Amino acid sequence: MTRETRSRTLRPTTVLVISLVLTAGASAPSAVAADVPLRQGSPATAVPAPGATVVSQTFGGTSLPSGWKAVSGTWKVQNGRLVGTGGSRARITFGTPLTDYRFEATARFVKVDNTSRWFALGLDLPSSGATPWWIATLRSGSTASNGVEFARRTPSDTWNVTDTAAAVGAAGTGKDVRVRVDVRGMRATWYLDGRKVLTTDKLRRSANGRQALLVDGATVSFDNVKVTSLPSANPFLRGAGEPALAVAHRGASAAAPENTLAAQELARRAGADWIETDGQISKDGVPYVMHDSTVDRTTDGTGDLTTLTSRQLDALDAGSWFSARYAGERVPTLRAQGADIKARGGRLLLEIKRAASKDQVARMLGVLREAGILTPDRVFVQSFSKQHLIWARELAPELPRGYLTSTLDADPVAVARELGLTAYNPKATALTARPSVVGDLHRSGVATMAWTVDTTAQWKTLDSLGVDAVITNRPAELVAWQDAQG
């Protein structure tokens, strides 16, 4: 199998939709309790293809459908509909654990204790119905300020309501409403009769969460329940049977002088999916490509890059230190690197280094925009600095972003949410010491890119963990190894 046939085509980013539980009473919601670890995928678990119908249920006869588990309240099939009655959080669970899916149903309030009573689409509940879980709720009086909600029932059996809104019209009693929630990772969107009413990005995914219907202080009938698998919102998440993305660290830096156009060309010829590079700003404000703070190691010059002018940097030999074959290779400007990618192909994973201000980040992104490659499918931004990523998000929110770290954060998912990350990019040894993080991030819609990995044994380990991208000095060898795996 060639690299061309198995490389991923980056898909447009889509909005994730998450549903939370409606408050059951007037008491104020409590703070969020500790989250359950996210589940990791298992090779034995079949992942539905995007667009596949996972649940399509109407209600004939008199028995509950196979696989539907009435946890609490009264649930029965009557007159061609599923009818649920509950004084407090009646629940029926069904479906399967999914990361990205659409949940639809037709619902009708038959009877309510008062207009604050509700039903909910359960977005992430264990089959037992035990806490914690997340739901998207609709009140009978849905025009109230909290008529629709996303909420979490915590392990301590209290509410954490994260998002509320008023619907355009009241659901009321005795009429059908079509409800839908699109869920992708940590994001979810609520639709009522085809109109978007509320979005959240606060969803946290549980170990074995599946779908459910809930009723509180009401009798509600349901029909035409449908769950459909959706394409991942994150195009960097590795699909079933796909290889991890091969990222050339500073170009093919084991075969050519790092961060040069020669190293970039070798990485391109090797079939690398992305070419990683380092951006810094010269004394006179020109973005250059170099990893170290000084030019001492990789050129015939000396001094901190930020104290040298573009004229001084352009005169340096950036190849002789590596081998005589590359004598005269220059330190490229970021503009020249972008132009080379535009002309000859490739995708750029740009590490922002030592940017002292938002303006300096803007200059880096600006030269790539002028080169014609500043698009989400051509440029990915990463940094060890959270501030750099915040500036990048403000300047070019459409670009994917990754957070580099040598050690794992206590809660990588929380960091991903804070920064709006596409990928969490840890040192490989840190990741292999705590491999459950891969599953945690995946269930929250976040990819993992591990660095810097150059041996077959390490590639095999990371592949088994489901890592989405491998950053390596040896892209040709990595691609060849991946191809040999079939």
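Which residues in α6 meet Val415, Glu418 and Leu419 in α7? I opened my notebook with that one.

**Before looking.** I am reading a predicted model, where local features need pLDDT of at least 70, side-chain atom pairs count only at pLDDT 80 or more, and totals for chains, interfaces and linings use all residues. Residues are numbered from 1 along each chain as its sequence is written, and side-chain values use heavy atoms, with hydrogens and water left out.

**Entry 1: two helices.** I found Lys386, Leu389, Ile390 and Arg393 on the α6 side of the meeting; contact here means heavy atoms within 4.5 Å. The residues of this contact divide into four nonpolar, no polar and three charged. Axes are lines fitted to C-alpha atoms, for helices over the stretch in contact, and angles run from 0 to 180 degrees between N-to-C directions. Helices (H or I, at least four residues) and strands (E, at least two) are DSSP runs, numbered from the N terminus.

**Entry 2: a sheet.** I traced an open sheet of seven strands in the order β2-β5-β14-β7-β8-β9-β10, with antiparallel pairing. Two strands pair if DSSP finds at least two bridges between them. At the edges I noted β2 (69-72) and β10 (159-165), each pairing on one side only. From one strand to the next, the twist averages 20°. Then I picked out β7 (residues 118-125) and β14 (residues 210-216), which share six bridges in the antiparallel sense. Gly122 stands opposite Ala212 in β14.

**Entry 3: helix α11.** Which residues of α11 (residues 475-484) are buried? I listed Pro475, Leu478, Val479, Trp481 and Gln482; buried means under 20% relative accessible area, exposed over 50%, partly exposed in between (1.4 Å probe, protein chains only). Val479 has 4% relative accessibility. After α11 comes Gly486, with a positive phi near 85°.

**Entry 4: a loop.** I found Ser232 between β15 (218-229) and β16 (245-248). Ser232 counts as buried because its relative accessibility is 15%.

Methods. Nonpolar A, V, L, I, M, F, W, Y, C, P; charged D, E, K, R; others polar.
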